[in-house]
Structure formats: C-alpha cells, structure tokens
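Trainee: I have a model to go through with you today. Could we take it piece by piece?

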Amino acid sequence: MGRGRAKAKQTRVARELKYSSPNTDLSALQRELAGSTPSPYTAPAAKDDDEDGDEYADRWADDDADDDWAASR
C-alpha cells in the first residue's frame, strides 16, 4: 500500500513524455543529416589481432592433436 501517489506520478510523467512535442531545431537537424560540419568524433585505429609479436598465438596451437577425450568418428 502507499504506492498510489508514486504510480500516479509515474503515469503522469510517462504521458507527458509520450504526448509532448518538444521544440525541434530543424535547421540544426538538417545540418547534422547533411554532414556539413565535421564531426569531432574520430574513430579509434583498428587493432590488428594477428600480430606476429603475440607470445600466446602459437602456444596452444598444436595442443588439440593429442586430445584423446574427443570422440573420433
């Protein structure tokens, strides 16, 4: 009990968010979609996972050959 006031407030806030129409800056939206200004975000450089300097790359590579627990068919 005692949840009625909180639930009523949540319902009111949800309705306001659902049915309100905030002011939209259409010119800013058009500029963003057109891509006229460069984005300040730069993607991080891609990391090469197949580096030759990886000390663990081939450590266990041939370990699967002698697994006798795997059923051979």
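Mentor: Happy to! Helices (H or I, at least four residues) and strands (E, at least two) are DSSP runs, numbered from the N terminus. This is a predicted model, where local features need pLDDT of at least 70 and side-chain atom pairs count only at pLDDT 80 or more, while totals for chains, interfaces and linings use all residues. Residues are numbered from 1 along each chain as its sequence is written, and side-chain values use heavy atoms, with hydrogens and water left out.

Trainee: How many helices and strands are there in the protein?

Mentor: Counting the DSSP runs gives zero strands. The number of helices is two.

Trainee: What span should helix 1 have?

Mentor: The expected span is 1.5 Å times one less than the number of residues. Helix 1 covers residues 4-19, so 16 residues go into that rule.

Trainee: How many residues of helix 2 are buried?

Mentor: Buried means under 20% relative accessible area, exposed over 50%, and partly exposed in between (1.4 Å probe, protein chains only). Helix 2 has nine residues and lies largely in the open, because the number buried is zero.

Trainee: Which side chains meet in a salt bridge?

Mentor: A salt bridge is a side-chain nitrogen of Lys or Arg within 4 Å of a carboxyl oxygen of Asp or Glu. The structure holds one, and its partners lie in helix 1, four residues apart, about one turn of the helix. Both count as partly exposed, because Arg12 has 44% relative accessibility and Glu16 has 44% as well. With N to O at 3.2 Å, the pair is Arg12 and Glu16.

Trainee: Which residues form a nonpolar patch on the surface?

Mentor: Patch members have over 30% relative accessible area and no salt bridge; like charges are joined within 9 Å, nonpolar side chains (Val, Leu, Ile, Met, Phe, Trp, Tyr) within 5 Å. One member, in helix 2 (residues 26-34), is Leu33, which counts as exposed because its relative accessibility is 68%. Together the members have about 330 Å² of accessible area, by the Shrake-Rupley method with a 1.4 Å probe, where for residues only the protein chains shown count as cover. They are Leu26, Leu29 and Leu33.
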